[in-house]
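Please consult the sequence and structure shown below.

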Amino acid sequence: MYPRYSETFIVNEILAHEAAGLSVEIFSLRYPIDGRFHDTLAMVRAPLTYLTAENISASALWTLISDVRRDQPKLWSILDGANDMGVRDVYQAMLLAQAAQRRDITNLHAHFGSVATRVARLASKIAGLPYTFTAHAKDIYHQDVDKEAMRCSMEDAATVITVSDYNRRHLIANYGQAASHVERVYNGLNLERFSYQTPLGRPPRILSVGRLVEKKGFSYLIEACAELARRGRDFRCSIIGTGPLEDALHEQIIQLGLETHVELLGPEPQVEVIRQLTGSAVFAAPFVISQDGNREGLPTVLLEAMASGTPCISTDVTGVPEVIRHEVTGLLVRPQDAIALANALERILHDEALGLKMAKNARRLIEENFDNGQTARAMREIFVRAAQASPVSQLAVEPS
């Protein structure tokens, strides 16, 4: 689905590619449902095509098959290997293959190793083009991940990209040889947009941002705030985001008597998130591994907070320790430990020198590893290798 309100990293990536001269086209399998979008979306120049596949009739399906067979006489044998895919996915793969051939597209790239990648994989076979994909978090860890489909997607991809070293190790451990060509490329940030501002002199405000789902750990943040309130600490905590746990979190705030301390702000555009970040003394990211196995890969919002000069607290799960180095670039606590989280929050709120030291170190780490010019260049180098290895495509742009 494009665009999605929570997936700013995809827009950032597209913008970085366009700035370097790469010609991009966007194909979306689903229409957007979020209802509001970030201002950066208006900067994307790439044409957007929705691969419409609602209420597919038999006649529409057969017409498309006949049309595609004119360009790909081996279509039947290719489709024989897609008998585990739904009609909608197969239909969209044929539409994508057809569009790619007619528009001289050289590479297909999908975000998330689930339905988007399965469609790209089949389209690549039909069109004779290489494909790559980026695996993030839910598409790797959720208990409902189709491991056989993921294995096949990885084996056939020119390269598999993932967003943390933790993810890469997990994929290699679970998929063996199929994961031998997984490369880690971090999600990048536009560091001009997320400029560093000193944390000194900020009000005692705690900020957290994310979808209101279990893996974000917001219930433990609210428990930690209750502990700070019991200690008589002066603070305000704001949580930006929306999601299925909104009512439960609101009820928790009421039950703990935190209405004057904790607020749920709902979704906010990125410009407002930036404003809130630079006006907060600490950013809390108490991630956990959910009961269904879902977890974070390496959340972009944590990187944004680090870039903005806001001291960060998070948990030692998944890829987080790759960026939060305890007492160097932030503080790490055990997941699901509200008391440890409260202690860490209290420490930053009352030790500006520590917060300043960690904020400076965090910004330096982000500049060295997460500038989107650098990360997008690494991706373009992967695209070039994929095109050069393909017998039927040639990428014209240099990976600059």
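In this predicted model, R184 lies over the face of Y186, at 3.9 Å from the ring centre. The points below turn to aromatic pairs and then to a helix–helix contact.

**Aromatic pairs**

- The structure holds five aromatic pairs, among them F9 with F112 and W62 with W76.
- The ring centres of F9 and F112 are 6.3 Å apart and the planes stand at 65°; angles over 60 degrees count as edge-to-face, so this pair is edge-to-face.
- F9 belongs to helix α1 (residues 8-19), whereas F112 is in the loop between β3 (108-111) and α5 (115-127), so the pair ties together parts 103 residues apart in sequence.
- With a relative accessible area of 11%, F9 is buried, while F112, at 22% relative accessibility, counts as partly exposed.
- For W62 and W76, the centres lie 6.0 Å apart with the planes at 55°, so the pair is tilted.
- This tryptophan pair links W62 in helix α2 (residues 58-71) to W76 in helix α3 (residues 75-80), 14 residues apart.
- W76 counts as partly exposed, at 40% relative accessibility.

**Packing of α12 and α14**

- Helix α12 (residues 300-307) packs against helix α14 (residues 352-369) at an angle of about 120°, and their axes are 8 Å apart; this angle makes α12 oblique to α14.
- On the α12 side, L303, M306 and A307 take part, meeting A359, A362, R363, L365 and I366 of α14.
- The contact of α12 with α14 comprises seven nonpolar residues, one charged residue and no polar residues.

Technical notes. Residues numbered from 1 in each chain as written. Predicted model: local features only at pLDDT ≥ 70, side-chain atom pairs only at ≥ 80, totals over all residues. Heavy atoms only, no water. Axes fitted to C-alpha atoms, helices over the stretch in contact; angles between N-to-C directions. Helix = DSSP H or I, 4+ residues; strand = E, 2+ residues; numbered from the N terminus. Parallel < 35°, antiparallel > 145°, perpendicular 65-115°, else oblique. Contact = heavy atoms within 4.5 Å. Nonpolar A, V, L, I, M, F, W, Y, C, P; charged D, E, K, R; others polar. Phe/Tyr/Trp six-rings, centres within 6.5 Å; stacked < 30°, edge-to-face > 60°. Buried < 20%, exposed > 50% of the residue type's maximum accessible area, 1.4 Å probe, protein only. Lys NZ or Arg CZ within 6 Å of the ring centre and 35° of its normal.
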